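Here is a friendly briefing to read alongside the model. Please have the sequence and the 3D view open as you go.

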Amino acid sequence: MDLAYERLADRMHVVSLPLATRFRGVESREVALFPGAAGWGEWSPFLEYEPEEAARWLRAALEDADLERPALLRTTVPVNATLPAVAPSAVAGVLARYDGCRTVKVKVAERGQVLEDDVARVAEVRALLPDVRIRVDANGGWGVDEAETAVRALEHFDLEYVEQPCASVPELAELRSRLRRLAIPIAADESVRKASDPLLVARAGAADVLVVKAQPLGGVRAALAIVAEAGLPAVVSSALDSSVGLSMGAALAGALPSLPYDCGLGTGALLAADVTPSPLVPVGGSISADRVAPDPALLAAHAAAPERVAHWRERLAACLPHL
Ligand SMILES: O=C(O)CCC(=O)c1ccccc1C(=O)O
Ligand SMILES: [Mg+2]
């Protein structure tokens with residue numbers, strides 16, 4: 001892999017993609033794309049991430065651009081609809097963007113909202129789609145007692161699992177033992193992708209399911225190894241990527257020996273623009289696991305402003321020593 005700064009900076013295309021729905025507090029998504037010997041790779045750590053963390057995302061992008069992907073065991077990947085923490089009146093409009101998804105992931109525990117907001121949002125999904133699977137994602141926003149209260153309030157909507165209800169591994173372990181009687185599984189996300197040891201949560205018996213993302217874990221190969229070693233069922237998810245990054249996630253999902261859950265790779269539907277004229281959005285509830293190449297005209301149309309490109313170049317320079 002060529003890690004010389006100048007050559008990498010010259011290869012890098014930074015685009016800013018508008019979102020159709022506000023998500024994670026932002027209205028657009030900046031991503032950097034690299035062409036390589038095997039295809040295109042996406043580097044899109046969130047803007048607030050420090051170099052050490054963002055460097056793992058860079059390794060994933062360069063590996064995906066420069067190396068052939070592992071063999072696919074499936075050519076399409078079933079995905080969930082992802083519902084941001086919107087008001088009940090906006091739920092139908094967001095869900096209409098996802099074609100044929102049989103699972104909906106509902107964001108809960110949003111800062112500035114209360115449990116009644118979550119209950120109302122989940123109730124609206126259940127009312128609109130009586131037969132879908134519903135999972136919720138709190139992004140670590142609850143304490144153990146709060147999480148137990150919330151899960152008990154949401155339980156009768158029939159939850160597939162609750163993702164990262166609490167921030168820490170000991171809290172997850174405590175909640176898991178309290179929820180065992182309710183038989184609602186716990187999925188770990190941040191406890192995998194932001195942990196110094198992604199296997200700790202599995203070893204601690206603190207989760208039933210692992211959410212794995214190719215970029216934060218340092219690439220498709222690294223993520224496959226983590227899942228193999230953890231010995232837990234895995235759900236591949238996106239970080240609100242462009243279609244190039246989503247296809248890296250689909251490559252991971254396509255190579256996993258077992259894929260018992262729908263994957264969080266339907267988020268292309270939350271973008272109002274993408275880098276390809278045929279975006280990787282769910283069709284009949286699935287996305288393709290093939291590679292995606294950006295369209296030069298769309299790269300140009302959505303090119304980030306010069307000062308933003310300068311920022312990403314500085315970021316690149318700051319991350320290289322951590323590779
Ligand atoms: O898993 C999904 O359904 C979509 C991806 C998603 O929710 C997400 C997207 C960006 C940042 C964090 C998260 C998350 O899972 O917490
Ligand atoms: Mg999550």
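In which strand is D137 found? D137 sits in β7, which covers residues 133–137; strands (E, at least two residues) and helices (H or I, at least four) are DSSP runs numbered from the N terminus. This is a predicted model, in which local features need pLDDT of at least 70, side-chain atom pairs count only at pLDDT 80 or more, and totals for chains, interfaces and linings use all residues. Residues are numbered from 1 along each chain as its sequence is written, while chains are lettered from A and ligands numbered from 1 in the order in which they are written.

**The recorded binding site**

- An unreviewed UniProt entry lists D137, E163 and D189 under "binding site". These residues span 53 residues in sequence, yet no two of their C-alpha atoms are more than 9.1 Å apart, so they gather at one spot.
- UniProt positions are given in the numbering used here, feature names are shortened, and annotations may be inferred rather than shown by experiment.
- D137 counts as buried because it has 24 C-beta neighbours inside 10 Å. The cut-offs are 20 or more other C-beta atoms within 10 Å for buried, 12 or fewer for exposed, and partly exposed in between, with C-beta atoms placed from the backbone.
- Leaving aside neighbours within four places in sequence, D137 is in contact with K105, K107, V108, E163 and Q164. Contact is taken as C-beta atoms, placed from the backbone, lying within 7 Å.
- E163 is found in β8, residues 159–163, and counts as buried with 27 C-beta neighbours inside 10 Å.
- Beyond four places in sequence, the contacts of E163 include R135, D137, A187, D189 and V211.

**The recorded active site**

- UniProt (unreviewed entry) places the feature "active site" at K107 and K213.
- K107 belongs to strand β6, residues 103–107, and counts as buried with 21 C-beta neighbours inside 10 Å.
- Setting aside neighbours within four places in sequence, K107 is in contact with L83, P84, A85 and D137.
- K213 lies in the loop between β10 (209–212) and α9 (220–230). K213 is buried too, with 24 other C-beta atoms within 10 Å.
- Outside four places in sequence, K213 is in contact with R193, S237, S238, A239 and G249.

**The seven-stranded sheet**

- The strands of this open sheet follow the order β5-β6-β7-β8-β9-β10-β11, with parallel pairing. β5 (81–83) and β11 (234–236) stand at the edges with a single partner strand each, so one side of each is left without a neighbour in the sheet.
- From one strand to the next, the twist averages 25°.
- β7 and β8 pair in the parallel sense over three bridges; strands pair if DSSP finds at least two bridges between them. Within this pairing, D137 stands opposite E163 in β8.

**The three-stranded sheet**

- A second open sheet has the order β1-β2-β3, with antiparallel pairing. β1 (13–23) and β3 (40–43) stand at the edges, each with a single partner strand, so one side of each is left without a neighbour in the sheet.
- The twist here averages 35° from one strand to the next.
- Seven bridges join β1 to the antiparallel strand β2, residues 26–35. V15 has V31 as its bridge partner in β2.
- Helix α2 (residues 51–66) lies across β2 and β3, running at about 170° to β3. Such angles run from 0 to 180 degrees between N-to-C directions, with axes fitted to C-alpha atoms and, for helices, over the stretch in contact.
- Helix α12 (residues 306–319) lies across β1 and β2, at about 105° to β1.

**P216 in its loop**

- P216 is placed in the loop between β10 and α9, and is buried with 25 other C-beta atoms within 10 Å.
- P216 and W43 are 173 residues apart in sequence and 9.8 Å apart in space, C-alpha to C-alpha.
- Leaving out neighbours within four places in sequence, P216 is in contact with R56, W57, R193 and A239.

How values were computed:
Two residues are in contact if their C-beta atoms, placed from the backbone, lie within 7 Å.
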